[in-house]
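Subject: Structure handover

Hello,

Here is the structure for your files. My notes on what turned up follow below.

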Amino acid sequence: MKALLLVDLQNDFLPGGALAVPRGDEVVAVANALLSRFDVAVATQDWHPAEHGSFAPNHPGRSPGEVIDLDGTSQVLWPAHCIADTHGADFAAELQLQRVQGVVKKGTDAAVDSYSGFFDNGQRHATGLESYLRGRGVTHLFVMGLATDYCVKFTALDARRLGFEVSLVSDGCRAVDLRPGDGERALEELRSAGVHIVHSSAVATDDRQTLVEGKHLRLVRSSNGWEHVERTNCTGIVLVVALTENDRMLFVEQFRPPVGARVIELPAGIAGDHVTHRHEALESAAQRELVEETGYRAESLVMLTAGPPSAGLSTEVVAVYGATNLRRVAPGGGDASESIVVHEVPLAEVHGWLLTQQRRGLLVDTKVYAGLYFAHRLATEATL
Ligand code: VGL
Ligand code: ZN
């Protein structure tokens, strides 16, 4: 799965802004043109507190462009910019933000700057961007934005280090060029790191044809003849491996129309299927589905893996969460239309219990067995 990553397309980096990047405004149209060609699009947002350590005015006697030591890392000083909740930190007005599913804020800690969208400059804290992308099965990132020689460069380098295939959209970037040639040197550095430098006109438009689109699904045929289904109005799928304090594993049982039978499954659901949930993180979707279906809330919720459950049939990618330290907060059972039965089964007895259910005429979702693998690890290992 490929994704578009828009770096810092914010007012303060546009002409007239506090840290204006020359001709920075020109890339907004490139972003808008590309947004329609990607199923997954994420934007980073430089988001500083007023007392941020990268601001020259916070260091009496210093001016923008000077380099200081900030908490052990070398830091270029900038004019105050992208202060949280100000107009300067807002995305460019012309950017078609409604097509962006995820926004990742960075630089929120006054003590350390964050050029990269993945980690702060000290590489100590992750922003959540990596798990956002992994949870959606993204393997190839198309990066563009502001500025080539700072946030774009460090974001693309971290993406390579994390193992993503990375393409930099050259006409979608502009440099600060504090020293003349910084932008060109950044492109050289990215090329040596294995980043493809591409022009937006070369970013492939889909060779796919929609055969039919319903309320929740569409049937798509690729140019090679392969047909698959895609979900509409969905930004991710979550599956929850939930284990109670006394090592009971949670299952849900419900009638599933496509197979015409009651099916034993793990608690699961769709992120972004309601208008109000459109931007929800996978983790909050996992928590919400767990509560709605089982009545339990997890104090601890971690992503264990993410991948396609049926790669030949669908673009769907499932993010599997491990839920422990469960607390009962609601009756569970899903909404009125679902009539879900919740089962709590001691981990040691799950195998036999599943056989019994099949003998009773129920079907068992094969992902239950993948969940069992993680449930055993959750029960026996302190950290995964
Ligand atoms: C950036 C300097 C300071 C950027 C952000 O987006 O490239 N540069 N903060
Ligand atoms: Zn900044």
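The space that ligand 1 takes up is the largest cavity. A cavity here is a set of points, on a 1 Å grid over the protein atoms alone, where a 1.4 Å probe fits but cannot get out; a molecule sits in one if more than half of its atoms lie within 2 Å of its grid points.

This is a predicted model: local features need pLDDT of at least 70, side-chain atom pairs count only at pLDDT 80 or more, and totals for chains, interfaces and linings use all residues. Residues are numbered from 1 along each chain as its sequence is written, chains are lettered from A and ligands numbered from 1 in the order written, and side-chain values use heavy atoms, with hydrogens and water left out.

Residues around ligand 1 (a heavy atom within 4 Å) include D8, W78, H81 and Y115. As for polar contacts (N or O pairs within 3.5 Å), a polar side-chain atom of D46 lies 3.0 Å from a ligand nitrogen. Ligand oxygen atoms lie 3.2 Å from a backbone N or O atom of L146 and 3.1 Å from a polar backbone atom of C151. The protein covers 99% of the 260 Å² of accessible area that ligand 1 has on its own (Shrake-Rupley method, 1.4 Å probe).

Elsewhere, strands β3 (67-70) and β4 (73-76) pair antiparallel over 4 bridges. Strands are DSSP runs of E, at least two residues, numbered from the N terminus, and pairing takes at least two bridges. I68 has Q75 as its bridge partner in β4. The two strands form a hairpin with 2 residues between them, and D71 in the turn has a positive phi of about 55 degrees.

Regards

Notes. Polar contact = N/O pair within 3.5 Å; in protein donor to acceptor, adjacent residues only side chain to side chain. 1 Å grid on protein atoms, 1.4 Å probe; cavity = no way out; pocket = protein on both sides within 12 Å on 5 of 7 lines; lining within 4 Å.
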